[in-house]
Amino acid sequence: MGGMTRGYLLRRVLIFFLTIWIAASIIWLIPRLAPGDPITAMVSRMLSRSGYIRDSAAIIEGWKARFGLNDPLPVQYIRYLSNIIHLDFGYSLAYFPTTVNEIIALALPWTVGLLLIAVFITFILGNFLGAVMVWRGTPRLFRMLIPVGMIFTSLPSILAAIFLIYVFAFLLNWFPMMGPYDIGMQPGFNLAFIGNVIYHGTLPALSIVIVSFGYWSLGMRGMMITVEGEDYMQLARAKGLSPFYVLYRYMVRNAILPQVTAFALTLGGLVSGQVLVEYMFSYQGMGSIIYNAILTQDFPVIQGTSFILILMTALAVLIIDLLYPLIDPRISYERG
Amino acid sequence: MATVETTPSDAVVGRSAPPAKKMGRFNRWDTPWINPKLLSGAALIAAILLLGVLGRIFWNTDLALTGSSPLNLPPVGFTSTRNLVGTWDHPLGTENSGRDLLALIIVGAPNSFLVGVIAAVVGMGVGIFLGFSAGFLGGRVDDIVKLLSDVAVTIPALMVLIVIQSLIRQVEVTTMALLISMFAWPGPTRLIRAQVLTMRESGYVQMAKLSGASTFSIMFREIMPNLIPYLFASFIGNATGAILTAVGLETLGLGPQRVPTLGGTIYYALNAAAILRGMWWWWGLPTILLAIIFIGLLLINLGFDEIANPRLRQASH
């Protein structure tokens with residue numbers, strides 16, 4: 001068998017679009033089940049702050065008409081979906097003439113960069129530890145690391161972030177507490193700037209790494225134990241191949257495949273954790289934007305950033321799913 | 001250490017084959033249910049719950065209200081950067097707006113569990129229903145359930161909930177739990193479906209079928225008992241996930257506003273720059289409590305996994 005069948009491909013693409021559609025619909029529908037509408041809520045918040053607004057009822061009506069909130073719900077829904085498809089999230093309320101997309105464009109590279117680096121380190125470190133755990137040549141002391149990693153796996157990334165900020169930024173002052181680079185530094189493609197970005201990114205990336213590497217170690221360990229029992233392992237040893245060669249070419253290569261699928265399953269949680277870590281570190285990514293938007297009640301920004309993150313996650317899962325049959329030709333994909 | 005890989009996400013549980021464990025079942029104390037991990041995890045969780053119950057009896061929870069205590073007091077035996085000395089009136093200190101931290105965690109900690117339990121119960125119920133239907137009925141039903149759970153597992157729950165809760169600003173603990181439970185069903189569904197699919201082909205189910213047992217009786221008398229450890233593990237995993245999401249929402253300031261929560265306390269602490277002001281007790285206590293909760297749940301989950309997996313071995317032969 002092997003390779004990618006048409007059914008598999010269609011199914012994955014279907015899942016991708018369904019994910020986007022369902023997530024977008026939930027976001028739209030649930031708040032509308034609650035009593036009240038956003039305009040009334042916003043004007044009454046303004047009322048509570050500034051005391052009195054003349055003709056507030058007229059203002060509410062005017063804006064409702066302006067935003068089409070008086071249209072029947074299906075019409076509103078279709079309009080919403082069409083805006084989403086065009087990735088048009090409108091204007092930020094807090095920074096008015098700026099569009100949501102401009103704000104996202106500033107933040108997205110930072111988020112993607114930090115996420116990729118953290119995930120890369122986690123995946124390598126976690127799988128390495130898991131593999132080494134089972135390998136016969138590993139010192140005993142080293143094997144003790146896994147249970148420790150396990151304990152960390154149960155913790156949310158924010159707890160790790162708080163702890164790291166307190167110890168390494170506040171107490172020891174080894175790392176900066178916030179931001180993606182020093183304030184006042186001119187972003188550019190030079191060594192000093194890149195070094196500074198790495199320096200600032202260490203703690204945020206570390207918060208993600210320490211809460212997730214145990215997960216990969218465990219999965220890898222389980223797979224390695226399974227692979228260890230295979231006949232080809234015995235053959236490899238009987239052939240007198242060097243232990244390192246056996247470890248890498250025979251064990252790791254076979255064991256790591258299911259990890260890739262597991263990776264697709266954890267992406268959603270990973271993105272969520274990342275957003276919270278960015279907010280903790282005031283990192284210039286989607287997390288900080290979401291947090292600021294929550295503070296300023298900038299709803300279009302919240303919606304836009306969240307949707308982009310959902311879209312990114314779904315897209316990443318799709319890519320992994322499509323790459324997987326190419327990586328592992330043993331499994332047939334007749335039926336998902 | 002565990003011979004079994006465990007993760008809060010139960011979708012991967014079946015990946016490893018644990019080495020066989022010798023079991024002599026003659027002594028009544030020699031049951032797999034007396035498992036050190038399970039018991040120590042349960043003890044941690046029980047301690048937190050006990051704090052919530054006893055605290056309400058022995059401590060004045062009205063002190064969790066704003067302005068009920070002096071501001072920024074450190075815990076007993078410590079002196080704050082502003083030279084305030086901790087007193088026994090507020091043994092764990094107070095925060096920025098005059099809330100007593102002991103009262104805060106007494107009221108806040110059980111709320112986290114409430115979210116976890118509600119979301120896990122709902123997710124479990126839906127999961128049992130969908131998982132059994134899919135595994136047993138197969139065909140169209142299975143296709144749809146599988147598709148939907150594949151879709152739901154991809155959606156980052158926190159992102160969706162952030163949008164929803166930033167629109168509905170006033171949420172109660174239960175509302176938040178129900179919203180979170182919208183994303184709690186794919187895990188159990190996938191797990192149960194996979195287990196039912198394997199067990200359906202197993203000897204004893206075939207035997208029951210041959211002896212003319214009804215589908216219903218096969219489901220609940222033959223398959224269900226074998227699933228119980230998985231269901232427990234999945235329940236705990238789900239509760240952990242739900243608490244995780246809830247804490248995420250709370251630390252972003254989107255949690256319940258009227259009742260104190262652990263995540264909410266961290267949110268206020270960070271907002272008031274408690275780390276920079278050296279008020280470690282403010283953010284530290286809820287953090288430690290959350291860590292204990294999560295570690296307790298993890299240990300329970302590990303325990304269940306050790307109980308569950310010999311059965312997995314038996315069932316698949």
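Tyr8(A) has 19 other C-beta atoms within 10 Å and is therefore partly exposed, a class that lies between buried (20 or more other C-beta atoms within 10 Å of the residue's own) and exposed (12 or fewer), with C-beta atoms placed from the backbone. Tyr8(A) belongs to helix H1 of chain A, which covers residues 6–33; helices here are DSSP runs of H or I with at least four residues, strands are runs of E with at least two, and both are numbered from the N terminus. Between the C-alpha atoms of Tyr8(A) and Pro187(A) there are 44 Å in space, and the two are 179 residues apart in sequence.

The model is predicted, so that local features need a pLDDT of at least 70 and side-chain atom pairs count only at pLDDT 80 or more, while totals for chains, interfaces and linings use all residues. Residues are numbered from 1 along each chain as its sequence is written, and chains are lettered from A and ligands numbered from 1 in the order in which they are written.

Chain A is built from 14 helices and zero strands, and of its 336 residues 38% are buried. Of the contacts in chain A between residues at least 6 apart in sequence, 73% join residues at least 24 apart, where a contact means that the C-beta atoms of two residues, placed from the backbone, lie within 7 Å.

Two packed helices are described by the angle between their axes and the distance between the axes. The axes, which are lines fitted to C-alpha atoms over the stretch in contact, with angles running from 0 to 180 degrees between N-to-C directions, come within 6 Å for H9(A) and helix H5 (residues 100–134) of chain A, and they cross at roughly 35°.

H9(A) passes H11(A) in a crossing that is right-handed. Met220(A), Met223(A), Met224(A) and Val227(A) of H9(A) make this contact with Met251(A), Asn254(A) and Ala255(A) of H11(A), and these residues divide into six nonpolar, one polar and no charged.

Met220(A), which is found in helix H9 of chain A, counts as buried because it has 30 C-beta neighbours inside 10 Å. Beyond its neighbours within four places in sequence, the contacts of Met220(A) are Gly126(A), Asn127(A), Gly130(A), Ala131(A), Ala255(A) and Gln259(A). Phe89(A), in contrast, lies 131 residues from Met220(A) along the chain, with 41 Å separating their C-alpha atoms.

Chain B has ten helices and zero strands, and 52% of its 317 residues are buried. In helix H5 (residues 173–181) of chain B, the buried residues are Met176(B), Ala177(B), Leu179(B), Ile180(B) and Ser181(B), and they pack against helix H2 (101–137), H4 and H8 of chain B.

Where the two chains meet, 46 residues of chain B are in contact with 54 residues of chain A. On the chain B side, helix H3 (139–154), helix H4 (157–167), helix H8 (215–251) and helix H10 (280–316) of chain B are the elements that each give two or more residues. This side of chain B has 32 nonpolar, ten polar and four charged residues.

As for confidence, the predictor assigns the complex an ipTM of 0.81 and a pTM of 0.82. The average pLDDT of chain B, on the predictor's per-residue confidence scale from 0 to 100, is 80, and 87% of the residues score at least 70. In chain B confidence is highest in H5(B), at a mean of 90, and lowest in H10(B), at 77. Over residues 1–21 of chain B pLDDT stays under 50, although the model has 58 contacts beyond four places in sequence for them; residues 311–317 of chain B also stay under 50, with eight such contacts.

Key
Ala, Val, Leu, Ile, Met, Phe, Trp, Tyr, Cys and Pro count as nonpolar, Asp, Glu, Lys and Arg as charged, and the others, Gly among them, as polar. A crossing is left-handed if the near helix is turned anticlockwise from the far one by less than a right angle, and right-handed if clockwise.
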